Amino acid sequence: MTERRLVISIGLAMLLLTIVIFYLFNFTKPHAFPMDDKLLKEMNSFYAEAHADVIQDVVYLDKQHVFVPYISQENNYGLSFWVWKHRKWKVEEIDTTGDLRLWKINSKDSATYHFVWNFPSNDQISYMKLYAIKQRGYHILGDVHHYDPAVQLERKISFSEKTYGSIQLDTEWISVIDEWNKLNEAKQPDLFFQPFQPMYFGWNTFDRSDTIIYPERSTGNSSILNNSVGIENVMLVNESELEYP
């Protein structure tokens, strides 16, 4: 074998090995999710202040993203977020409270958005309302009047025995959000365009008498994240923000 052929053969072998390693680390099917004791050990190692003590459930949002609600030694209700990455299940974020979060698994695809929560079971919360809101807007450019109508989407989530859970954006919400994003993007090249009012998400929780009731907060609320994985806080909504309270 000539020296040139030997170099080519070694180069091809290294390329093939690189492809195999890349595939193994990025495209292998997820292994079985860890048992509760291993989850608790990794969570407390990742974030000692979590004091995780009880795993309430393991909720698959898809094959590679898992939401795990937990209870701490201080009886606080928290959230943990797990991702299959590099042939291993890894905890990406831990929140010591269970307030509503939005997990944008793929920030460019609203069909992958999931709301998750874990409220204390003794809070007397009967149901929750989720909102997607865009305030109305109005501006004048020269002699042209521009009106931006309001949008308000609402979804009611009733609680029975469990006060933790997850829910994916439904078809109506996805359609409205995608259409708004397309309209906004289409106008961006126009230097004189005033951007539409932003769309945002919100929530409120209610008791059986339909009165807004806020989940209990523990002291020293905190969170820690490993990487930016698209997990966002969702703000409580003031009734003054609603077109149709």
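I started at Leu 102, which stands opposite Glu 232 in strand 15. Strands here are DSSP runs of E, at least two residues long, and helices are runs of H or I, at least four residues long, both numbered from the N terminus.

The model is predicted: local features need pLDDT of at least 70, side-chain atom pairs count only at pLDDT 80 or more, and totals for chains, interfaces and linings use all residues. Numbering runs from 1 along each chain as its sequence is written, and side-chain values use heavy atoms, without hydrogens and water.

I followed the pairing next. Strand 6 (residues 101-104) and strand 15 run antiparallel, joined by three bridges. Two strands pair if DSSP finds at least two bridges between them. I then traced the sheet: open, four strands, order 12-7-6-15, antiparallel pairing. Strand 12 (164-168) and strand 15 (231-233) are at the edges with a single partner strand each, so one side of each lacks a neighbour in the sheet.

I looked up Ile 157 in strand 11 (residues 151-158). Ile 157 counts as buried because its relative accessibility is 11%. Buried means under 20% relative accessible area, with a 1.4 Å probe and protein chains only. Leaving out residues up to four places away in sequence, Ile 157 touches Trp 117, Tyr 127, Met 128, Leu 130 and Ile 167. Contact means heavy atoms within 4.5 Å. I found 9.0 Å between the C-alpha atoms of Ile 157 and Ile 167, ten residues apart along the chain.

Last, I checked the whole chain. I listed three helices and 16 strands. Of the 245 residues, 39% are buried.

How values were computed. Buried means under 20% relative accessible area, exposed over 50%, partly exposed in between (1.4 Å probe, protein chains only).
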